[in-house]
Amino acid sequence: MTTSSSERGVSLGMPELPAPAYPDDVRERLERDAREVIARYPDSRSALLPLLHLVQSEEGHVTRTGMQFCADVLGLTTAEVTAVATFYTMYRRRPSGDYQVGVCTNTLCAVMGGDAIFEELQEHLGVGNGETTDDGKVTLEHIECNAACDFAPVVMVNWEFFDNQNPASAKQLVDDLRAGRPVEPTRGARLCTFKETARILAGFPDERPGAVEESGSAGPASLVGLRLARGEAAPARVVHPRDGGPHDEPQGKAVHEPSPAEHLSSHDAPQESSASDPAHPAGPVAEEGE
């Protein structure tokens, strides 16, 4: 005995209709911008990522119409465009808020309080991961590492950094965003809307007066390694090998004080190697097949 698809609870449905076209004036403007983007690349296909940002700047997310547009101007199939648009999380597939609030929940941020911040914001805003507040202002999501571990826990708003956050400061941040109060990132230019951010990521200049100059550079914590490399820090102290503690120096012999360039640590105890000890080469010593 066989059963029909309707009896099995399966709905085959109708084929999806083609994506609606942009209005003529919008398409003409986007085509002009797209030609400028495509001209930057020797292979037009390489322009797909910035073009996805471009169409995202039009509607706030990457729609089927936007993907069809990218396919048309680049000579690609919609399947090829969809494969890219769905791979990267920076491309939104559904309507979202003016401000994308991302809480890093990767390892270091999580243990420093990122998980607690995310849970508090979900309750405070009444939304889940990837959801938008009723006023259309804030979309909340947890995000992966944003290479700012030295400022953990980090919250990002439209890809601008808000460092060293805690649940109270994060709740104040989203309240200010929803109320339209001015909000200043810890580093970088002042905030703009998600659509404006998408256009900048497409490769078009930030036309806000003074915004480029506000971008600044890395924060102090990020520059510690560079200062060490330049020898600007205090000389490294001698750390003895872990096996047995300090070694007795012959009486009257001065203890070696390392220079800043020597970088001594507990891992720097002398080790025999195939280069320094030919009697004990590295690698297998048995003949093949033994």
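Student: What pattern does the protein chain follow, read along the sequence?

Tutor: Good place to start, and keep in mind that this is a predicted model. The protein chain has 9 helices and 5 strands. Read along the sequence, they follow the pattern α-α-α-α-β-α-β-β-β-β-α-α-α-α.

Student: How do helix 2 and helix 3 cross: which word describes helix 2 relative to helix 3?

Tutor: Let's look at the axes of helix 2 (residues 48-59) and helix 3 (residues 64-74), which come within 9 Å. They cross at roughly 140°. Angles over 145 degrees would count as roughly antiparallel, so helix 2 is described relative to helix 3 as oblique.

Student: Is the crossing of helix 2 and helix 3 left-handed or right-handed, and how many residues of the contact are nonpolar?

Tutor: The crossing of helix 2 and helix 3 is right-handed. Helix 2 brings Leu48, Leu51, Leu52 and Val55 to the contact, while helix 3 brings Gly66, Met67, Phe69, Cys70, Val73 and Leu74. Of the residues in this contact, none are charged and 1 is polar, and the nonpolar ones number 9.

Student: How many disulfides does the structure hold?

Tutor: A disulfide is a covalent bond between the sulfur atoms of two cysteines. The structure's count of these is 0. Take Cys109: the nearest cysteine sulfur, that of Cys104, is 3.7 Å away. A disulfide needs the sulfurs within 2.5 Å, so Cys109 is in no disulfide, and the total for the structure is 0.

Student: Is Cys192 buried or exposed?

Tutor: Residues under 20% relative accessible area count as buried. Cys192 has a relative accessible area of 10%, so Cys192 is buried.

Conventions: Residues are numbered from 1 along each chain as its sequence is written. This is a predicted model: local features need pLDDT of at least 70, side-chain atom pairs count only at pLDDT 80 or more; totals for chains, interfaces and linings use all residues. Side-chain values use heavy atoms; hydrogens and water are left out. Buried means under 20% relative accessible area, exposed over 50%, partly exposed in between (1.4 Å probe, protein chains only). Axes are lines fitted to C-alpha atoms, for helices over the stretch in contact, and angles run from 0 to 180 degrees between N-to-C directions. Helices (H or I, at least four residues) and strands (E, at least two) are DSSP runs, numbered from the N terminus. Angles under 35 degrees count as roughly parallel, over 145 as roughly antiparallel, 65 to 115 as roughly perpendicular and the rest as oblique. A crossing is left-handed if the near helix is turned anticlockwise from the far one by less than a right angle, and right-handed if clockwise. Contact means heavy atoms within 4.5 Å. Ala, Val, Leu, Ile, Met, Phe, Trp, Tyr, Cys and Pro count as nonpolar, Asp, Glu, Lys and Arg as charged, and the others, Gly among them, as polar.
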